Structure formats: C-alpha cells, structure tokens
Amino acid sequence: MDISRRDFLKATFVGGSGLVIAVYLAGCKRLPGGSEATDVPGAGDSLSFAAGTPGSETILGETGAAPMVEEISAVEPPAELVPNIFVKIGADGLVTIISHRSEMGQGVRTALPMIVADELGANWNDVGVEQGLADTAYGSQGTGGSLSVQTCFTMLRKAGALGRQILINAAAQTWGLEASDCYAENSLVIHRPSGQQLSFGPLVGLASTLPLPPASQVSLKDPAEFKIIGTSKGRVDNADILTGKAVFGMDVRLPGMLYAAVARCPVIGGKAASYDDTAARQVPGVREVVQIDNGIAVVAEQTYQALRAKALLKVTWDPGANASLNSADLEQELLDRANFTPPAEGEFVQNYIVPYFAHATMEPMNCTSDVKADGCELWVPTQNSQLVLTNVAFSVLKTSPDKVKVHVPLIGGAFGRRLEEGPAGLPVSVDYVREAVQISQAVQAPVHLVWTRQDDFGHDMYHPLSVTQVKARGDQIKTLTMRRLEVSASIPVGYWRSVTNIPEAFAHESFVDEFALETGVDPVELRRSFLSPRAQAVVDMAAEMAGWGSPMPAGSARGIAYHAAWGVTHVAQVAEVTLSGNEIRVPRVFCAVDCGLVINPDMVVAQMESGIIFGMTAALKEFMPIENGAAMRTSFRDYPILRFDEIPQVEVQIVLSSEAPTGIGEMGNPPTAPAIANAVFALTGQRLRRLPLRLV
Amino acid sequence: MAQISLFVNGNQQTLEVDPDTPLLWVLRDQLGLTGTKFSCGEGQCGCCIVHVDGEAERSCVLPVSSAAGKSIVTIEGLSLDGSHPLQQAWIAEQVPQCGYCQPGQIMVAAALLNHTPNPSEEQITQAMANVLCRCGTYQRIKRAIYRVIDEGGV
C-alpha cells in the first residue's frame, strides 16, 4: 500500500516551551459509498476518507515538555472510523470532534461538538475536541454574527447522525439483528428488544469497512431525545486556561523563531518616509530592521529586545490624507446632514450618537508566520481563517491557496476585530497577518509579531461613529422610521460586537421610551402594541424579574429596553440606576433571553452576563476620539473598560423554546445602553442621546 | 547583559539577560512559561500578575533584576495539576470566557486569600479591581472566590 506522508502520525517539536502540535490524520481505510448519503461537507468525499480528517490538529504537549524533533514514519495508524470531516471514533472508544469555528470566549469549541456528540449517541466524557485548520471542506469558517450554532446546527447533527448509523449497522451485523431495532446512547449501541449492548470502540473495526448508509437510513433524533443538547457543559478549554497550558496566538513558539515589533505612523494610514535605525540596531539581540507596508519592523531574538529597539527607531512619517481629520468635526457633519430636513408638522424626531469604539481585546493582535520557499504556515488568532489563507496566498505571497496553512489557536477576545477584510483601499483586519508574513518573508525565518497595546488601540478597525435619526408621527409609534448616518472618512472601521445593532438598539429603544413618556403610556405597555409575541414575552419576563412598576427606593430608577440583534435572538433588559454625584451607577440588571432551542444553557447565561458588561462599558466608559488623524486613547488608563468594582448584579432567565437555535455571542450588549439611558431619564429627567452617557 | 538567578515555581534558573527586561518577557520568551500574559505592558490591566515572594506583582513593569534571588510563582506553578482550590472553583463557576486574563485574575485572588483567608467584600473588590476582563466575567470571579472561602479557603 502506498501510504503518503500525510497518513502518518506526525509529531513536531515547535519551540522552547515544548509545545507539541500533532497533526494526526486517520487511517487509510477507504469506505465505499457515494456522497448522496448525506450533505455533510466531506462525507463521502474520497479524499476525506483516504486522508482521514483534513486539516485538523490537536495540541498534545504542554509547556515544559522535553524538546524533541520526531517523525514517526512507519506506524500503522490505529483503526478509526471517520464518517465525515467533523468526527472520528477511535478503536479505544474515544470520540474526536472537530471544531471548525474559532474560539474567542463564546464557547463554540464546546457548543458545536455537543451537537455532533448528541446525534452520534456519544458519552460526552468520551469526547475530545480538535481545532480545524483553515479548509474550505468545512464550508464557511467565518466566526461572527453569532452565526455558528445557528447555521451549523443541522449540518453538525447530520454529521453525528451519520456516524451513529454506521455504528448501529456494525452492531446489527455483529448480532445478526435488525439495525432498525437499535439505537445509540452513552457511547453504546443498544438493541431495544433484547437489551444487548456493544460499546463504540469495539465496533470501529467493522464499522470502518461498512458502506456509508443511504440518506434514507440516516435520521435525526427527536429533540425530546437529546441527552447533551440542553444540558450545561463546562467549557472544554477551561482546565488548560486555568493552568497556563492553553495556547493563545500570543503563546505560539516555533524552533528558530524570531520576535518582531512594528513602529507605525501615529496618524492612521500614514507611511514611513524615511528612517534611521542606527540606535535600534545597537540593542543586543536585534537581528534585522525592515520596512514593510505598515511601518518599520524590528526583528530580534526576544520580544523585549524588539520593543526596546522599536522605541529607538527615528522615523520620519508621511501622515497622508488623514492628518487633518477630527472625530468631533465628523460628528458635527453627521448631525448637520441628519438635521438638513426639518421635521414635518406633528413629527417627533430625535438624533442618537454613537462614537468610535475600540475593540480592546485583552490579547493584542499578533501572528506567527513561517514563510518558506514553497509556502507559508501561519498561527493566527483569527475569526476568519479562510480569509487569512486566501488573503496571504493571493495578495501577499502571490501563490496558490494550497501553499498556505493556517492554524487557529485560542483567541484572547476578538469582538469582530479579527473577522473581516474591510473595504477596498483601506487597511484590512488581516493587517497583522500581512505584516507577519511580510516580515517572515524578509528575514527568511519564522516570525512572531506582537502588537503593543498602543498599536492595538491606535490602529484598530473601530466601531464607526454614527448618528441615528428616529422619527414618528406624534401619536403613532407604528409610523417609527430610523436612518443611520455614518461618515465615509478614511478611518478604518469594522465589525464590533453586535455591529449596527449597537446604534439601532440605542436609538430605537431610547426613542420608544421617549415616545411612551411623551404620550403618557408605560414603556412596557407601549411595546405591547407593536412587538411580536416572542418579543413581548421576554419584555414581560424581564419586567417581572425586575418588579417593573413597583416603587423604587429614593435615588434610584429603572429603565427597560428590548432588542433582537439581526432579528433573531430576543433580549430584554431592565437596568437599575443610581447616582454618585454625576456618575451613573448600575447596581442591578435583569435580563430575559429567547434564543430558541438552547444548546448549552450556562453558556447562554454567561454570554448575557458578558454582553451586559460590554454594553455597560459602551454606555458609561469608552469612546475613541480621533484628532488630527490619530487615535487619542492608546492605553487602558485613558480608554477605561468596566472594572470589578463597577459591575452590576446580573440576573438572567432563559425562555424555554423549541424553535430553531439562534445565536448568543452578540445578543446581550445592544439593549444595555438604552436600558441604562432610560433609567437615567427616569431618575434625573435628563435624556442622554449620546454614548457614553454623561450627565450635565 | 547580566547573569541573574531566579527561583521560578520552585526551580532555580540562571539566565544571561539584560537586567532591565521586564520579568514577563523572561518568563515568556526565555523560560517558556507562556501562562503569564502580555496585554498592556504598562501595569494597567493585570494579565501579567505573578507572585514575587508571595506578593501579587505586575511582571510587565517589574525589571527582572528586581526579582533576582526572589521566589516567583506563575500560574503554571500554582499547582502541579490544576488542583488549587481557586482553579477548581473557577471551573465549578465556569468563569473563563476567552480566558486570556484569567491567569492574572487567579494569581491576584490567590495572593489575596493567602494573606487574608476571610476577606471582606471590600477587600475582595479592592484586590480584584486590579485585573481587567473585557469579556466581563467579574460576577463569576466573585462567586468563585466566595466558593473557595466557603469551602475552607486556600
């Protein structure tokens, strides 16, 4: 048998810390059967069966492991059943499920495998999770828009169900009994009439020789039979995160790797005109100084050497077209445009302003790139690994995509910063990837590029400044219309947790509150006149949780807001507000959420808690002024985010639902700012229509 | 360059290093202990906090020369196997989201409870306000700390 190099277990030492990444590819057993059996990507694809699971990897080693470089080249891989690219079942009974989406805190590496495992009939304790490499065989790997569970649910159920049916067929054949009398549960196939059982492991040998079952034989479970979906499962990465073993992008270490830092023009979009690197090159450990598209890169043996040398560079910058750009002017320009047409007779019109926000992920942008003569291997904390792959292949290296390999480590916060390509002609959000590739190409060595906090704040793809104008006829809330105005300045903007839902919810929900009070109707009651039953249910639930309508202690007040980001997940929140001088405090937030069928309930609660803190930061703390083309806040000192001593007590309730599952990652934050603003009005009579909210 | 001896997680390490280098980068780049995180580099966020002679210190602004001869404990050394009560409580309360700040959070909480087994709410708040979390896991951090206190401390 001609076994290609790909088919062997390959273990490679990758760095001083002893991280071992093994790309393991399954057995060579080619299953006959057609791709008509299922529409799971890769199922029935002969490549998938021949090569096992394409493009997946698992981290086997841990910090402190002994250095080694090893290739095991003559080991027959153990028997393994690989029904499709999302799941592998070993002869030892261990189930490996591939997470093809990026984990950045939203729990996708737990939720997606839960779906597969449930349909497979696996015991969750037998399941391990591997991260998929960038590979179009998975379909889209873009992780954004709170879409992963929503769009992958049925596909992943089918992936698991197909594996279950093969195992059932193997058991039925072993027993000489009818497959239709068998079911799978707890990593066992069980013959219902006789109660006979066989565990998955011993079935793998036979199962891997059987034909793929036809689509007509593969059925999805009745949701009433779900065993894993709907139960709270702990995040699969927590043990590693809490012992320091987890590998984030910032933690990738390769043999012979150099560390890079880039000096950038403070004015966004500016370029280096000339530079003097004499002093920088004197720093011990500095290997090279190179000019790249976005600035001057220093490459050294250690990070701190690169950072020190970067500070010693003398660069003359050409600030370019943005040098006279000020966000205050842009905001005024938007307001002028919004107010150009005066309100019609009897029309109630208000403008709501949301400023530029930075993403402020705790892990700054970084990328590890190893460019070789025949291609490039990348370790990128990215929400969009296929975009990284194609951008690097086509636009940086001018090569074919099969020459580029993209690993996705854990991501220390993303919130959209690591997602999109951005509009043509502007810097793209794979900026840090392109920089690392250019530097690695120039120095012909693996390079780990680290952005500083100042780089990260100063060269973000900001949430766009916007003015949203809302109007309605004075007595008719159903005549409400909104229009959002953004500037087309060359400040790079991008996705930011919940994207346009931030200005939409702030404007709409503030306006509804204003309208209610103008017309003397309770804000909860007013919503009854236009909300759908599902939407009204979360409003009623949040109102009940908060004791809406009951008297509040002196010096405090409540506000309510509702929003369904992209129309899918219904969230209502009631915020309680007090004041300390002119400072707004939020002691409690009540939240009700309907996201359809719930995969991992505790994760839904956690994402609501997270969204509320994120939304509160936008409501009370953060904004990014741009002056003379430069971001004016480049530190947590002047770009504060909510701290431990400022948080509210958050209570979350989930509406039980059997509707299709929607998303949760970006659903919690949009209602928070308007709920707080509405409470501030109730308390003070001041209607604040600009974020962050500031009492006068 | 200077030769500096450190005691890291119980092991003595002697390194050739620029004495101004922040301890953070020595841990991460020279000792391969990447559990201690870089985030702000100016002592603002707390992701880099380690124990130096039992005190919670921001390793990104602590020159390695100041740590010479001192006992340093990083997240990797808090327990051998993740069995420290705080690590266990963090799992029980499912604290981490992205997880990047959590080593710093745990090291601050561990230093607090080592010094003050029964801290007041104000003491907890004061200590934990030193570490930022963009995912907003603070409420669960608070629950996890109380869980440890209720179950007998560290």
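Mentor: Contact means heavy atoms within 4.5 Å. With that cut-off, residues 24 or more positions apart account for 56% of the contacts in chain B with a separation of 6 or more. In chain A the corresponding share is 74%.

Trainee: What kind of model is this?

Mentor: The model is predicted: local features need pLDDT of at least 70, side-chain atom pairs count only at pLDDT 80 or more, and totals for chains, interfaces and linings use all residues. Residues are numbered from 1 along each chain as its sequence is written, chains are lettered from A and ligands numbered from 1 in the order in which they are written, and side-chain values use heavy atoms, with hydrogens and water left out.

Trainee: How do you know how compact chain B is?

Mentor: The radius of gyration is taken over C-alpha atoms, and the globule rule is 2.2 Å times the number of residues to the power 0.38. For the 154 residues of chain B the rule gives 15 Å, and the radius of gyration is 15 Å, so chain B is as compact as a globular protein of that length. The C-alpha trace of chain B spans about 45 × 30 × 25 Å along its principal axes.

Trainee: What share of the residues of each chain counts as buried?

Mentor: Buried means under 20% relative accessible area, exposed over 50%, partly exposed in between (1.4 Å probe, protein chains only). Of the 154 residues of chain B, 62% count as buried; of the 696 residues of chain A, 62% do. As for the accessible surface (Shrake-Rupley method, 1.4 Å probe; for residues, only the protein chains shown count as cover), chain B has about 5300 Å², of which 44% belongs to carbon and sulfur atoms. The accessible surface of chain A is about 24900 Å², with 52% belonging to carbon and sulfur atoms.

Trainee: What makes up the interface between the chains?

Mentor: The contact takes 51 residues from chain B and 62 residues from chain A. Buried area is the accessible area (1.4 Å probe) that two parts lose on being put together, summed over both. Between chain B and chain A that area is about 4800 Å², of which carbon and sulfur atoms give 56%. In chain B, the residues that lose the most area to chain A are B:Q97, B:R134 and B:Y138, together 18% of what that side buries.

Trainee: How do you know which are the edge strands of the seven-stranded sheet in chain A?

Mentor: Two strands pair if DSSP finds at least two bridges between them. The open sheet has the order β14-β15-β12-β21-β18-β19-β20, with mixed pairing. Strands β14 (286–292) and β20 (404–407) each pair on one side only, which makes them the edge strands. Inside the sheet, β12 (residues 258–263) and β15 (residues 295–300) of chain A are antiparallel over five bridges, and A:A261 stands opposite A:V298 in β15(A).

Trainee: Which strands does helix α7 of chain A lie across?

Mentor: Helix α7 (residues 303–312) lies across β12, β14, β15 and β21 (447–450) of chain A, at about 25° to β12(A). Axes are lines fitted to C-alpha atoms, for helices over the stretch in contact, and angles run from 0 to 180 degrees between N-to-C directions. Helix α10 (residues 431–443) of chain A also lies across β12, β14, β15 and β21, as well as β18 (366–372) and β19 (375–379), running at about 40° to β18(A).

Trainee: Why is α7(A) called mostly covered?

Mentor: Seven of its 10 residues are buried. Among them are A:Y304, A:L307 and A:K310.

Trainee: What makes β22 of chain A mostly covered, and which strands pair with it?

Mentor: In β22 (residues 466–473) of chain A, six of its eight residues are buried. Eight bridges join β17 (residues 347–354) of chain A to β22(A) in antiparallel fashion, with A:V349 bridged to A:K471. Strand β23 (residues 476–486) of chain A pairs with β22(A) over seven bridges, also antiparallel, and A:V470 has A:M482 as its bridge partner. Two residues lie between β22(A) and β23(A), which form a hairpin.

How values were computed. Helices (H or I, at least four residues) and strands (E, at least two) are DSSP runs, numbered from the N terminus.
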